[in-house]
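Reader: I would like to learn how to read a sheet and its surroundings from a model. Please take me through one case.

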Amino acid sequence: MISVAKKRSRGLTSRSLVQGYAWPAVAAVAVLAVTIAMVVGLTMHSSASADSAPTTASARPVAAPAIPRPTCPDKSAGKAIVVGLASQHMVLCQDGRQISDVAVTTGSVDRGAGTPLGSWRIESHDVDRTLSGPGYTVFVHYWLHLFGDIGFHDSPWQKFPYGDTTKYRTQGSEGCIHVPGDQIKRLYDWAGDGTPVTITA
């Protein structure tokens with residue numbers, strides 16, 4: 001009886017040991033299976049995302065088309081000035097060849113003070129002059145008169161950059177062409193009375 005009991009006791013102990021180790025083994029296999037499934041799923045998802053995502057080149061924002069600058073008149077003799085309202089630039093021309101491109105500010109179209117289109121000639125030059133009109137009085141160092149109260153002059157009070165193609169619409173001039181301070185004297189000295197000026201859209 002004692003030997004049989006010992007045998008049974010040994011058998012139960014071995015079975016208990018097997019049962020004790022079986023659960024961790026099953027759990028480890030389950031964890032491994034879940035991990036493999038997750039890795040495979042992530043790999044497939046990444047592959048699908050890569051296939052459907054746009055490339056870096058196509059995801060780049062498309063730049064707005066540049067506004068064309070004014071150009072010099074072909075086969076013209078002598079000096080000429082062309083102002084482009086859309087680009088807010090003017091070019092100085094000599095014998096049909098551009099010699100300078102200058103950012104400017106023109107009339108505030110949204111306030112009804114747009115610079116008029118057309119062709120004129122510089123009528124006169126003046127320095128250290130006070131310009132006045134409805135709602136404004138300003139002092140300028142250089143003034144090149146075109147017609148009426150329209151002309152080229154400096155504008156040291158201007159707060160936004162010359163050549164800005166948006167802000168001029170609400171914060172631009174009363175119709176004149178504002179020229180940067182470091183360029184107005186050059187224009188004043190270069191463009192004599194009678195120099196043709198064309199203002200284009």
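Reader: In what order do the four strands of the open sheet stand?

Author: First, the basis. This is a predicted model, in which local features need pLDDT of at least 70 and side-chain atom pairs count only at pLDDT 80 or more, while totals for chains, interfaces and linings use all residues. Residues are numbered from 1 along each chain as its sequence is written, and side-chain values use heavy atoms, with hydrogens and water left out. Helices (H or I, at least four residues) and strands (E, at least two) are DSSP runs numbered from the N terminus, and two strands pair if DSSP finds at least two bridges between them. Here the order is β5-β6-β7-β8, with mixed pairing. The edges are β5 (124–133) and β8 (177–178); each has a single partner strand, so one side of each lacks a neighbour in the sheet.

Reader: How many bridges join β5 to β6, and how many join β6 to β7?

Author: Nine join β5 to β6, an antiparallel pair, in which Arg129 stands opposite Val140 of β6. In their hairpin, with two residues between the strands, Gly135 has a positive phi near 85°. Four bridges link β6 (residues 136–147) to β7 (residues 150–153), also running antiparallel; there Phe147 faces Ile150 of β7.

Reader: Which strands does helix α4 lie across?

Author: An angle between axes (lines fitted to C-alpha atoms, for helices over the stretch in contact) runs from 0 to 180 degrees between N-to-C directions. Helix α4 (residues 181–190) lies across β5, β6 and β7, at about 35° to β6.

Reader: Is His145 buried or exposed?

Author: Buried means under 20% relative accessible area, exposed over 50%, and partly exposed in between, with a 1.4 Å probe and protein chains only. His145, in strand β6, has 18% and is buried. Its side chain reaches the backbone oxygen of Gly148 at 2.8 Å. Contact means heavy atoms within 4.5 Å; beyond four places in sequence, the contacts of His145 include Arg121, Ser124 and Ile150.

Reader: How many aromatic pairs are there?

Author: Rings of Phe, Tyr and Trp (its six-membered ring) pair if their centres lie within 6.5 Å; planes under 30 degrees apart are stacked, over 60 edge-to-face, and the rest tilted. The count is two. One of them, Trp120 with Phe147, is stacked, at 4.4 Å centre to centre and 15° between the planes. Trp120 lies in strand β4 (residues 118–121) and Phe147 in β6, so this pair ties together parts 27 residues apart in sequence. Trp120 is partly exposed at 22% relative accessible area, and Phe147 is partly exposed at 25%.

How values were computed: Polar contact = N/O pair within 3.5 Å; in protein donor to acceptor, adjacent residues only side chain to side chain.
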